[in-house]
Amino acid sequence: YAFWFFHFVFAVTTSSIVSGAMAERTRIEAYIVHSLVIVGLIYPVVARWVWNDHGWLSVTSDDSFVGGMIDFAGSGAVHLTGGCVALSGAVF
């Protein structure tokens, strides 16, 4: 359960980054759906790309893109995902 809870907290953090960009721009229903999509679909894919040994952004993968990504304490994957989703939510 500790591993699941660890990633759940990162997923929720990714979703909370988006809330600042979308505050007062969307209705609460749209934000709830948006948060569920981030936590359930977008974040797990990005986390696998970065943290799995076979992910295309992982440093330990032989097939990594341009040598992979060194992510210190999860901040890169979390903030990059949250920032990109926040930008798309604010623009659209």
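Predicted model: local features only at pLDDT ≥ 70, side-chain atom pairs only at ≥ 80, totals over all residues.
## Helix 1 against helix 3

Helix 1 spans residues 2–22. Helix 3, residues 75–91, packs against helix 1 at an angle of about 35°, and the two axes lie 8 Å apart. The crossing of helix 1 with helix 3 is right-handed.

On the helix 1 side, the contact is made by Phe 10, Thr 13, Thr 14, Ile 17, Val 18, Ala 21 and Met 22. Helix 3 contributes Val 78, His 79, Thr 81, Gly 82, Gly 83, Val 85, Ala 86, Gly 89 and Ala 90. By residue class, this contact contains nine nonpolar and seven polar residues, and no charged ones.

## Nonpolar cores

The largest nonpolar core consists of six residues: Val 18, Ala 21, Met 22, Ile 38, Val 85 and Ala 86. Helix 1 and helix 3 are the elements that supply two or more residues to this core. The most comes from helix 1, which gives three residues. Val 18, Ala 21 and Met 22 of helix 1, together with Val 85 and Ala 86 of helix 3, also take part in the contact between the two helices.

Which residues does Val 18 touch, not counting those up to four places away in sequence? They are His 34, Ile 38, Gly 82, Val 85 and Ala 86. Of these, Ile 38, Val 85 and Ala 86 belong to the largest core along with Val 18.

Another core, of five residues, lies apart from the largest one and includes Phe 10, Ala 11, Tyr 43 and Val 78.

## His 7

His 7 is located in helix 1. Is His 7 buried or exposed? Its relative accessibility is 18%, so His 7 counts as buried, the cut-off for that class being under 20%.

Beyond its neighbours within four places in sequence, His 7 is in contact with Tyr 43 and Trp 51. Tyr 43 is also one of the residues of the five-residue core.

## The salt bridge

How many salt bridges does the structure hold? There is one. It joins the side chains of Arg 27 and Glu 29, with an N to O distance of 3.5 Å. That distance meets the criterion because a salt bridge requires the nitrogen to be within 4 Å of the carboxyl oxygen.

The two partners fall in separate accessibility classes: Arg 27 is exposed, with a relative accessible area of 62%, whereas Glu 29 is partly exposed, at 44%.

Notes:
Residues numbered from 1 in each chain as written. Heavy atoms only, no water. Buried < 20%, exposed > 50% of the residue type's maximum accessible area, 1.4 Å probe, protein only. Helix = DSSP H or I, 4+ residues; strand = E, 2+ residues; numbered from the N terminus. Contact = heavy atoms within 4.5 Å. Axes fitted to C-alpha atoms, helices over the stretch in contact; angles between N-to-C directions. Left-handed = near helix turned anticlockwise from the far one by under 90°. Nonpolar A, V, L, I, M, F, W, Y, C, P; charged D, E, K, R; others polar. Core = buried A, V, L, I, M, F, W, Y, C linked by side-chain atoms within 4.5 Å.
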